[in-house]
Amino acid sequence: MALIKNGTQVSDQWITADDDTPVQADIPTIVSYKRFLAERETLVRSRAELGVKVSPGEDVTALERDLARLQVIALDFPKFTDGRSYSAARILRQRLGFEGEIRATGDVLRDQYLFMQRAGFDSYEVNDGVEARQWLDAVREFSHYYQPAPNGTSAVWARRHAHLAAAAE
Amino acid sequence: MYRYDEFDAQLVQERVAQFRGQVARRVAGEMTEDEFKPLRLMNGLYLQIHAYMLRVAIPYGTFNAPQMRKLAHIARVYDKGYGHFTTRQNIQYNWITLEQTPDILEELASVEMHAIQTSGNCIRNTTADPYAGAAVDEHEDPRIWAEIIRQWSSFHPEFSFLPRKFKIAVTGAENDRAAVRVHDIGLVIVRNDAGEVGFKVMVGGGQGRTPMIAKTIREFVPKDNLLSYLEAVLRVYNMLGRRDNKYKARIKILVHEVGVEEVTRLVEAEWEAMKQETSVDLPAEERDRIAAYFAPPAFEVLADTDTGFEARKFEDRDFRHWVRTNVKPHRQAGYAIVDISLKPTGGIPGDITADQMDAVADIAEAYAVDSEIRATYQQNLVLPHVRLQDLSAVYDRLVEVGLATGNIGLAGDIIACPGLDYCDLANARSIPVSQAISERFADLNRQYDIGPLEIKISGCINACGHHHVGHIGILGVDRKGEEHYQLTLGGRADDAAAIGKITGPGFSADGIVDAVETVVETYLTLRLDPAERFIDTLERLGFQPFKERLYGAKAA
């Protein structure tokens with residue numbers, strides 16, 4: 001697995017722990033959603049940097065009170081055609097104000113990078129051999145969008161009317 | 001009609017380039033077919049029995065003469081010289097190669113057209129009343145909102161991988177001509193007690209193997225909040241719609257399983273929360289910009305009647321009959337709406353040759369305001385704004401190219417899906433059955449006598465031929481390797497939308513034609529008077545007399 005974050009290939013500092021592997025204070029660890037909810041008291045008090053992996057069907061709003069404690073939320077795509085994690089990403093960014101890393105895991109493919117980026121993802125676990133350049137090509141395929149998005153891109157109508165306003169000056 | 005600005009044009013161009021890249025990577029083997037399939041479907045490209053099929057979007061059925069000419073050109077150069085108008089106001093080409101598809105999309109982009117989201121598990125091409133902007137009974141033009149929805153739903157970052165396809169229809173008129181009650185979301189433009197314009201929102205309608213009539217989840221959404229409300233519905237569906245079984249994945253199943261009250265509650269909660277977030281609702285200046293494209297065209301001030309038109313109706317029986325069925329009143333004095341039937345006797349419903357497309361473009365350019373053309377879900381075409389004084393010339397030109405069949409709304413105006421002749425999903429052929437019924441009722445005088453009658457045929461349970469909402473519906477099934485046809489009665493797609501019920505045992509391909517005739521003959525003997533339509537007689541008397549005639553007194 002390679003990790004692309006903010007458009008560059010980075011080495012992954014995080015491990016994804018099995019539910020029965022103890023969390024160590026000096027290793028940034030991503031735990032499962034179920035484990036996080038079950039061991040929450042202990043985990044939030046540990047000194048480790050923490051992430052949670054959320055599968056489709058699990059409710060990210062249950063993490064709300066701990067979002068400031070979490071550095072990474074990994075949203076999984078068991079199949080790239082399962083679009084539930086797009087909703088989870090938008091809810092995290094736009095409703096819950098999560099500012100940490102939202103990582104796409106699972107079936108993460110080139111033709112979905114742009115959708116993911118626009119839904120609020122900022123890191124991508126991709127197959128070995130996928131280069132950052134390919135990711136950049138994929139997310140630059142469009143110059144305009146019809147919707148505003150949590151990654152900060154404005155909708156085309158904002159540009160239209162800025163353009164009209166500029167033309168009128 | 002809407003015209004692209006530089007931004008729309010660039011978006012569509014970039015979509016062509018993106019798809020060209022996807023096709024190249026597929027052809028080079030860099031992508032598996034499983035990875036490619038959802039991508040090509042999101043651009044309307046299906047792999048059918050014989051070849052690829054490309055479905056081109058005609059957003060809410062509105063297009064114009066230059067666009068029609070381009071469709072003709074594509075039919076000639078890339079297909080076998082014809083195209084097929086579908087039940088979703090789109091056009092399909094049945095003999096396409098994968099490698100040529102990007103070039104076709106490039107051609108389409110040059111006339112502000114595309115194939116974006118005409119298939120796939122995403123928000124599909126939004127449909128609307130084909131008489132929009134012309135109908136006498138219209139409150140507000142639904143195309144403004146259909147275009148707003150088109151833009152919002154294109155390449156949506158959250159709703160491009162839904163559990164299943166998602167179809168939205170909009171009407172702004174008293175009478176529903178857009179079948180909104182059999183859509184995932186049906187929108188009806190209404191006015192509330194305060195006189196404000198908004199939408200009544202219905203959710204969970206649809207056909208397919210589990211037909212359902214949509215249920216109202218909100219009587220009034222202010223029009224300025226339409227997109228955020230739709231976004232709330234789509235999010236609830238994206239999160240909770242079933243993904244374990246594609247046959248139970250539509251929102252209608254969610255509504256059915258969870259209950260309309262719970263879905264309503266979830267949508268309301270989602271919508272309430274969204275109000276605190278960056279809004280997708282359009283600012284007024286953008287809404288006004290889009291609405292301006294749909295301002296009424298510059299109609300001439302004309303008299304209510306035209307003497308030349310009246311004279312020809314008096315003198316020419318064929319013209320008079322054509323006018324009776326294919327010409328509808330227009331809101332503007334001196335104008336009319338012209339329906340062009342794509343259902344010649346014995347023809348393939350919705351099929352049109354490249355030459356006929358060019359002819360329609362020529363006629364639209366000569367006689368239709370702004371050369372506007374509409375496609376209907378009944379697989380016909382419409383010239384929405386024609387002067388009464390030009391109807392005679394329009395009719396003559398249509399006669400020349402075999403497009404003047406005066407059967408709109410009658411027995412010959414059959415909806416049929418492509419069926420087993422083309423479609424990879426089909427279990428039985430629909431086209432030959434449709435042709436045989438059309439031949440059986442070839443006599444137009446007989447059709448006039450029968451009156452309004454909607455016959456709809458699907459070649460499989462997916463119901464693209466709308467058989468569930470046909471007054472007479474026919475469903476082709478495979479029974480031990482034989483094509484077999486079930487008969488349903490009493491369906492309708494209008495304001496009183498209803499799902500037809502199966503009469504009893506099915507019929508062979510020949511038997512189904514006789515069965516339809518038996519049903520029609522039974523109606524003719526039972527109706528109170530010629531003004532009582534088939535659907536009314538059926539409602540008054542129920543199934544019993546029809547079943548007796550179909551299966552004998554004992555079986556019934």
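Into which domains is chain B divided? Select residues 6–109 for domain 1, 142–292 for domain 2, 307–400 for domain 3 and 415–551 for domain 4, bounds that come from an automatic or database domain assignment.

Before going further, note that this is a predicted model, in which local features need pLDDT of at least 70, side-chain atom pairs count only at pLDDT 80 or more, and totals for chains, interfaces and linings use all residues. Residues are numbered from 1 along each chain as its sequence is written, while chains are lettered from A and ligands numbered from 1 in the order in which they are written.

**Chain B as a whole**

Select chain B, whose C-alpha trace spans about 60 × 60 × 60 Å along its principal axes. A compact globule of 556 residues would have a radius of gyration near 24 Å, and chain B agrees with this because its value is 23 Å; the radius is taken over C-alpha atoms, and the globule rule is 2.2 Å times the number of residues to the power 0.38.

Of the 556 residues of chain B, 55% count as buried. A residue is called buried if 20 or more other C-beta atoms lie within 10 Å of its own, exposed if 12 or fewer do, and partly exposed in between, with the C-beta atoms placed from the backbone. Now show domain 1 and domain 2 of chain B together: their C-alpha centres lie 26 Å apart.

Select strands β6 to β10 of chain B, which form an open sheet of five strands in the order β6-β7-β8-β9-β10, with mixed pairing. Its edge strands, each pairing on one side only, are β6 (127–128) and β10 (215–222) of chain B; two strands pair if DSSP finds at least two bridges between them.

Within this sheet, pick β8(B), residues 185–191, where five of the seven residues are buried. On one side, four bridges join β8(B) to β7(B), residues 168–171, and these two strands run parallel; here B:Val170 stands opposite B:Leu187. β8(B) is also joined by seven bridges to β9(B), residues 197–203, and this pair runs antiparallel. To follow that pairing, look at B:Gly186 opposite B:Met202, and then at B:Arg191, whose bridge partner in β9(B) is B:Val197. The hairpin of β8(B) and β9(B) has five residues between the strands, and there B:Gly195 takes a positive phi near 85°.

Centre the view on B:Val203, which, leaving aside neighbours within four places in sequence, is in contact with residues including B:Ile185, B:Ala214, B:Val233 and B:Val263. Two residues are in contact if their C-beta atoms, placed from the backbone, lie within 7 Å.

**Domain 4**

Move on to another open sheet of chain B, with five strands in the order β16-β17-β18-β19-β20 and mixed pairing. Its edge strands are β16 (415–416) and β20 (501–502) of chain B. Inside it, β17(B), residues 455–458, is joined by four bridges to β18(B), residues 472–479, and the two run parallel; B:Lys456 has B:Gly473 as its bridge partner.

Then select helix α16 of chain B, residues 509–526, where the buried residues include B:Ile512, B:Val516, B:Val519 and B:Tyr523. An α-helix has 3.6 residues a turn, so residues three or four places apart point the same way.

**Where the chains meet**

Finally, show both chains: 28 residues of chain A are in contact with 33 residues of chain B. Helix α3 (84–95), α4 (113–119) and α6 (156–168) of chain A each supply at least two residues of the side that touches chain B, and the largest share, six residues, comes from α3(A).
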